[in-house]
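Subject: Structure handover

Hi,

Here is the structure for you to look over.

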Amino acid sequence: MNKKKFSIAASLVAVPLLAFPAEKPNVIIIIADDLGWGDVSAYGNATVSTPNIDYLAQHGGCFTNGHSSSATSTPSRYGLMTGMYPWRNDDAKILPGDAPLLVSPSQFTIGKMFGHAGYSTAAIGKWHLGMGEGKIDWNKEITPRGNDIGFDYTYLIAATVDRVPTVYVENGRVANLDPNDPIYVDYEHPFKGEPTALSNPELLEMRWSHGHQNAVINGIPRIGYMKGGKSAIWNERTMAADILAKVKGYIDTVPAGKPFFLYYGLHEPHVPRVPAWEFEGKSSTGPRGDVVLETDWCVGEMLKYLREKGIEENTIVIFTSDNGPVLDDGYADGARGTRSIHDPNGGLRGGKYSLFEAGTRVPFFVYWKGRVAHFTTDALVSQQDLLASFASLVGEDVPAGLDSENIIGTLLGNDEKGRKSYVVEASGRLAYRSGRYALIPPYSGPVTNETGNELGTVDHYALFDLAAEPAQLTDISASNPGLVKKLKAEFLEAVGGHYNPGQKQEALQ
Ligand code: NG6
Ligand code: CA
């Protein structure tokens, strides 16, 4: 080896990002649904214990400032999946269960990136990114679908558990469907003769508080109408175990020596909160606490399985949530009354649907046994960055123009750089995070957050110093005009033409 070559090799080794060249570990992203920053006991919650999630935090990277792209599901998942800010796509709003595929098959995705790197890929569990095009015939193969945007295998809850169709869709086909009992879905009109929450309230085993007045399935009132497909209807009580079985089954099919990428979408603790019987009444905070226990159980079972298969050390596990917590999200399940004993926000302001921190600051852990030693950091990181970061780890290029930043060094604990700034979305509104500051632009519209602590009309750019006051109670804009001016200019540059200061917040239902 000549001297010059040697020195280049030495300098490569010195760069932390390339510390493990040519390595292709398995990657699992576990994404919970509406799990709050304050729901995980590793961050300090003392009421509902999450030992398995805590294990990831205590033996891997624990991020105290990890964000989703949005304070609701569809846009948040869009950001993770495509590495693009969801507000660049006008259709990235909470989707009904019969919405067409939101991500175009021509778009780059994290699934495609891993596929190109030679990975087997799967998406299992909650999806909420639409499927098919036009009016979907649920009795036929649905196309295009998750398999067309980078996933070899898909087993999906089309939207949410509170929305029809209440069936799993496996590689574009409704699973367990009896052709003699076809399934029909409609979001506008009820089916003649089919019960609804309004026509047959005696069928309800769970009461709605707002929305959720359409089809009644398994005693639960839903959003949207559905008819037929009886043999395909899922069972909420076994849903966690059923989806986990698909996860294990998928891992078993991956040929030896081939790495895999798994997007594992947990449905908890989103409404309707129906835990497996073994968790019923096991928390001190009612159904919401019970399904947080179930969330934690899923993580424990997943880890156990990796150990059983002998692949724990060759697998990176990311655990996060698609958006912040909510108590009453449309069912009268008692969650609203539990705030005094458990704060799912962990002291942050806002929650699901909100531009304040609890809307998008979510649990965020990176576990890689034997490779990532435990660390805690308050570096700003986002789910949107997983795409570019993992691309760099496995040696893949990403197209120019993505909003995903390569922060693999931070994710693996080699540095604390994270990203400098971030635009977050909530219910059609945008806000800006830069270092320790949060900037909330002017807005005129209703106050919609369930806690009532969302800002309604704001006639100026409001500024909060998260380092001084994580609870964001004091707007410091008036005493910091220079800083507001600087951050406003940065924000407007980041969002380009996408920000319309007069924008009205969309109705949430
Ligand atoms: C809202 C629903 C809420 C939930 C949410 C989506 C009503 C009143 N509210 O429209 O229950 O389903 O959509 O949640 O229907 S998310 O986490 O998937 O974004
Ligand atoms: Ca969600």
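Two residues are in contact when they have heavy atoms within 4.5 Å of each other.

First, some ground rules. This is a predicted model, in which local features need pLDDT of at least 70 and side-chain atom pairs count only at pLDDT 80 or more, while totals for chains, interfaces and linings use all residues. Residues are numbered from 1 along each chain as its sequence is written, chains are lettered from A and ligands numbered from 1 in the order in which they are written, and side-chain values use heavy atoms, with hydrogens and water left out.

Domains

The protein splits into domain 1 (27–181 + 228–411), domain 2 (184–222) and domain 3 (427–498). These bounds come from an automatic or database domain assignment. The centres of domain 1 and domain 3, taken over C-alpha atoms, are 28 Å apart. Between these two, 22 residues of domain 1 touch 21 residues of domain 3. About 2000 Å² is buried between them, and carbon and sulfur atoms give 51% of that. Buried area is the accessible area (1.4 Å probe) that two parts lose on being put together, summed over both.

Salt bridges

A salt bridge here is a side-chain nitrogen of Lys or Arg within 4 Å of a carboxyl oxygen of Asp or Glu. The count is 28. One salt bridge crosses the interface of domain 1 and domain 3. Arg433 and Glu357 form a salt bridge at 3.0 Å, N to O. Glu141 and Arg173 form another, at 3.9 Å. That pair links distant parts of the chain, 32 residues apart: Glu141 is in the loop between strands S4 (120–126) and S5 (153–157), and Arg173 is in strand S7 (173–174). Helices (H or I, at least four residues) and strands (E, at least two) are DSSP runs, numbered from the N terminus.

Helix packing

H2 (residues 51–59) packs on H6 (residues 286–308) at about 60°, with axes 7 Å apart. Axes are lines fitted to C-alpha atoms, for helices over the stretch in contact, and angles run from 0 to 180 degrees between N-to-C directions. So H2 is oblique to H6. Under 35 degrees is roughly parallel, over 145 roughly antiparallel, 65 to 115 roughly perpendicular, and the rest oblique.

Most residues other than glycine have a negative phi, and most peptide bonds are trans. Tyr353 is not a glycine, yet its phi is positive, about 80°. Thr143 and Pro144 are joined by a cis peptide bond, with omega about -5°. Another cis bond joins Glu268 and Pro269, with omega about -10°.

Best wishes
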